[in-house]
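Hi everyone, thanks for making the time. Let me put the sequence and structure up, and then I'll walk you through a few parts of it.

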Amino acid sequence: MTQSLAITKLSDLANPTRFLALAARVLPWMGTVTAVLFAIGLYLSFATEGDYQQGQTVRIMYVHVPAAWLSMMCYSVMALSAIGTLVWRHPLADVSHRAAAPLGAAFTLIALATGSLWGRPMWGTWWVWDARLTSVFVLFLMYLGLIALNRAMDDPSKAARVSAVLILVGFVNIPIIKFSVDWWNTLHQPASVIRLDGPTIDGEFLWPLLVMAIAFTLLFFTLHIAAMRNEIWRRRVAAQRRLAARAAGREA
Amino acid sequence: MTHTFYIALSYALTALVALCLIAWVWLDGRARRGELAELEASGIRRRSSQPRDDADQSDKP
């Protein structure tokens, strides 16, 4: 019963017009909640104590960790959409992974740059080619490759199918990024927030981190829905221009 | 360089990238909406939003 309800809801959304109506309704609310959460998160990021070892640089964690988490979540959303394109031929699935790629690239860039800025004072180096850093850099290159591939092809449905295959092949990198800190010796410590025995991080740092993580996640979904809406509009403009050109051709 | 420099630069860079993303999505949306309005003004509409004469006739007994 629940499953059939979920499937009905999903197929309702397959209608782009219905999606646009839903987007118009939810976007102002999502934008407002995101802004409020960022205000609280930024306040907590600077109002809480510094670390006894890292000092004030621990505050870089509140932007670095959420951006890194989103760089992987965005790719997972794209992988789910890729399955939607290849298996269910959901009309919005290719719109979804096409719209998400630039967002993923931007969050990965934030994670790489802030990580480097945190690494210099704490590790004594801007960059090393260890497993975690290299695999995240590969993720960044994959995002750029997918954006380039989508832009190189004129036919959006063909571009969607080719990118969907590439996204699913590239998904192997996500568990590598996640477990690189356990499998190899890296400058990063093993997982300290999402663990079976609970977070090992003190509440003083955990709260701002969680609020900022939720704010970043909501920012991603707000931008993703807005970018999907833009992509639907772009396709409608292209389709209507084609129709107009055909009509003009018949008249001539 | 002090730690404040690294912290300030991290937050500034994050804000810059996030604001660029927001601006890009907003401007892209505005441009597409403008194009759709322009097409509509020149009389080009989606087939689904064109008036359906046959539907009116089918309603008649």
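Let me start with a definition: two residues are in contact if their C-beta atoms, placed from the backbone, lie within 7 Å. This is a predicted model, where local features need pLDDT of at least 70, side-chain atom pairs count only at pLDDT 80 or more, and totals for chains, interfaces and linings use all residues. Residues are numbered from 1 along each chain as its sequence is written, while chains are lettered from A and ligands numbered from 1 in the order in which they are written.

So, which residues does A:Y62 touch, leaving aside its neighbours within four places in sequence? They are A:S45, A:P208, A:L209 and A:M212. A:Y62 sits in helix α3 of chain A, residues 61-88; helices are DSSP runs of H or I with at least four residues, strands are E runs of at least two, and both are numbered from the N terminus. A:Y62 counts as buried because it has 28 C-beta neighbours inside 10 Å; the cut-off for buried is 20 or more, with 12 or fewer being exposed and anything in between partly exposed.

Now to chain B, with its two helices and zero strands. Of its 61 residues, 10% are buried. Across the interface, 23 residues of chain B contact 30 residues of chain A.
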